[in-house]
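Let's take a walk through this structure together, one piece at a time. Keep the viewer open as you read.

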Amino acid sequence: MVTVELHRSQTAARALELQGVSRRFGGLVAVRDVSLALEPGERRAIIGPNGAGKTTLFNIITGELRPTAGIIRFFGRDVTRLPPHQRIRLGLARTYQTPLVFPRLSVAENLYLAVRGVQPWRLSLRRPRAEDPERVEVERLAELVGLRHALHALAGVLSHGEQRQLELGMALASRPRLLLLDEPAAGLSPGEREQLTALLFALDTEITVLLIEHDMDVAFQVAQRVTVLHEGRVIAEGTPDEIAMNATVQQVYLGGT
Amino acid sequence: MRKTRLLAALLLLLLLTFPLWGSAYFVGRIFTPALFFGIIALSLSLLAGYGGMVSLAQMTLAGLAGYGYGYLTITLGQPWWIGILAGLAVATLAALVFGLIAVRSTGIYFLMITVALGMVAYALANQNRSIFGGHTGILGIRAPELFGHSLVERTIFYYLCLAVGLATYGFVRYLAGTPFGLALQALRDDPRRLCTLGYNVALHRVAAFTLSGFLAGIGGLLLVWYNGAISPTTIDLTRLINILVIAVIGGLAYAEGAFLGALVFVLVTNFASSFTQRFNTMIGLTFLAIVLFSPEGLSGIALRLWSLLRRTLLTRVAPSRHTGL
């Protein structure tokens, strides 16, 4: 009994824990026996060549894909069998490699939906009023991600960079405990990259962040620890300095396979 | 914006005074059916325009409301208000069941499942005698009577249909800005994204379908009062497709389009027969022309004409305000 309690309190301390997670697509094993543990407030980067299984891993964490093996725990709770929308309501949020926003809705409406998504009565038949706390929150988020000027523009007409900002705003709208960012810097101009890095640094330190990033500057600046994925496997894990010096990683990145 | 409001007010005035200057035939036989068919088509506009779900079962749901009203008032001899409640309840519940079955699929598969469900209901109505009255259906259905007047007296019924039409139209427009409506539009554009914002997409689809069943049921009650009877013919495949034709002619994505399409449809079916026996061909050709030349339907054409007109008017009268729009 005592050991069980002890075990539980240990895992409860982890923001995210993957145990032996695998995913097969027919004969292809996209993710192979991945174990990962993130402490609350940790900033972790996942790097790896194309096809390493990074995005598949994200999809497994959010529940958009079911793992063929393994267990996923979110703040100590086993969420392996939970559908995505319920995981999101527990405090998980993500962005996508290609920004996914609702193109025919305005920036404000996109953010509003994100705020409402984790609240009860999310399918209310009452139109929001200007003084509603959700509307105030929408303006705060727009300000935060630098889209205050574009609140009433359709999301579909925003530039790629602005759509990324919007998506980040939508991810933060649910006040997540764990934030998954899939290549947040991809396709951004150098100026936008600096803004993004500043924004990530300014995030509440209680939010745990897991990000996939090709841009080593962003990844190594933001992350305290780095996990390297290659052909679906974790091949290295450590501080940015350790990873930069790691011979296996160098071989993967520079020496072909 | 102000000009659009002015146009809407003018249109409303014309509709409100129509029985005073319109012919009895146009009031009773053209505009009234256009209004209740419009309401049924509106339930499809809601599903398709906001939710991206093209259903062919809307006429079935409307018909089931009619059957519910007929069964309660004629077969069981209950008062009209119980008939209304039962009719709406039947349509809504049927939509809930249809929704639970159909919403797992999307696009053309969703469409086919709704056709199949519609055909199941048709076969059931055709073969069951105890409730649906078999091939004959339920005859002698009477509309409610208030203060000694039957609600289907021509002018009264026109105003009833107009009031209900405006109310349902207003409701659907209002819905667009509510969390329910916004999430519905969002799932049309990207269901996966909506899911990873915390929404249960399947549940929302079912809810939207159920709501559309309620709306279709309202139209179905007006239809059955107008016809005074209901039989399986009311919900056969042709009638199911007619609702889609109406919505597409008017513009599937526009709430206004449902009524505009219904008006055109009723006009063509009434007048084509006076110069040709092939009114189905006429409807088919109208449909084809709309789909080919304006996928947004008559609403799309009307909107384009209106913005063109407004632009030319404004540049002529007040060119300085042009940039403001």
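Which residue takes a positive phi just after H2(B)? That residue is B:Gly52, with a phi of about 65°. Before going further, please keep in mind that this is a predicted model, so every value here is computed from predicted coordinates.

Helix H2 of chain B covers residues 24–51, which makes 28 residues. From the first C-alpha to the last, H2(B) reaches 38 Å, close to the 40 Å expected at 1.5 Å a residue. There is a bend of about 30° in H2(B) at B:Phe31, and a proline, B:Pro33, follows within four residues. H2(B) is also mostly covered, since 21 of its 28 residues are buried.

Another helix of chain B to look at is H9, residues 201–227. Its 27 residues should span 39 Å at 1.5 Å a residue, and the end C-alpha atoms are 38 Å apart, which agrees. Of those 27 residues, 21 are buried, so H9(B) is largely enclosed by the rest of the structure. Just after H9(B) comes B:Gly228, with a positive phi of about 70°.

Now for a pair of helices. In chain B, helix H3 (residues 58–75) and helix H10 (residues 237–250) pack at an angle of about 115°, and their axes are 8 Å apart. On the H3(B) side the residues are B:Gln58, B:Met59 and B:Thr60, and they meet B:Arg239, B:Leu240 and B:Ile243 in H10(B). Sorted by class, this contact has three nonpolar, two polar and one charged residues.

Is B:Ala258 buried or exposed? B:Ala258 is buried, because 35 other C-beta atoms lie within 10 Å, and the cut-off for a buried residue is 20 or more. Leaving aside residues up to four places away in sequence, B:Ala258 touches B:Gly38, B:Ala41, B:Leu42, B:Ser45, B:Ile246, B:Ala247 and B:Gly250.

Stepping back to chain B as a whole, its secondary structure comes to 13 helices and two strands. The radius of gyration is 20 Å, close to the 20 Å that the globule rule gives for 325 residues, so chain B is as compact as a globular protein of that length. Its C-alpha trace spans about 70 × 55 × 40 Å along the principal axes. Buried residues account for 46% of the 325 residues of chain B. Among contacts in chain B with a separation of 6 or more, 74% join residues 24 or more positions apart.

Chain A has 10 helices and 10 strands. A compact globule of 257 residues would have a radius of gyration near 18 Å, and chain A has 19 Å, which agrees. The C-alpha atoms of chain A fill a box of roughly 55 × 50 × 35 Å along the principal axes, and 43% of the 257 residues are buried. For contacts in chain A between residues at least 6 apart in sequence, 68% join residues at least 24 apart.

Some loops of chain A deserve a look at their backbone angles. Most residues other than glycine have a negative phi. A:Phe75, however, has a positive phi of about 45° although it is not a glycine. A:Phe75 lies in the loop between strand E4 (69–74) and strand E5 (77–78) of chain A, and with 19 other C-beta atoms within 10 Å it is partly exposed. A:Glu183 also has a positive phi, near 50°, and its place is the loop between strand E7 (178–182) and helix H7 (190–202) of chain A. A:Glu183 is buried, with 21 other C-beta atoms within 10 Å.

Finally, where do the chains meet? In the model, 27 residues of chain A are in contact with 21 residues of chain B. Helix H3 (84–89) and helix H4 (107–116) of chain A each supply at least two residues of the side that touches chain B. H4(A) gives the most to that side, with five residues. By class, the side of chain A that touches chain B has 13 nonpolar, five polar and nine charged residues.

Conventions:
Residues numbered from 1 in each chain as written. Chains lettered and ligands numbered in written order. Predicted model: local features only at pLDDT ≥ 70, side-chain atom pairs only at ≥ 80, totals over all residues. Contact = placed C-beta atoms within 7 Å. Nonpolar A, V, L, I, M, F, W, Y, C, P; charged D, E, K, R; others polar. Expected span 1.5 Å × (residues − 1). Bend = angle between axes of the 7 residues up to and from the residue. Buried ≥ 20, exposed ≤ 12 C-beta atoms within 10 Å, placed from the backbone. Rg over C-alpha atoms; globule rule 2.2 N^0.38 Å. Axes fitted to C-alpha atoms, helices over the stretch in contact; angles between N-to-C directions.
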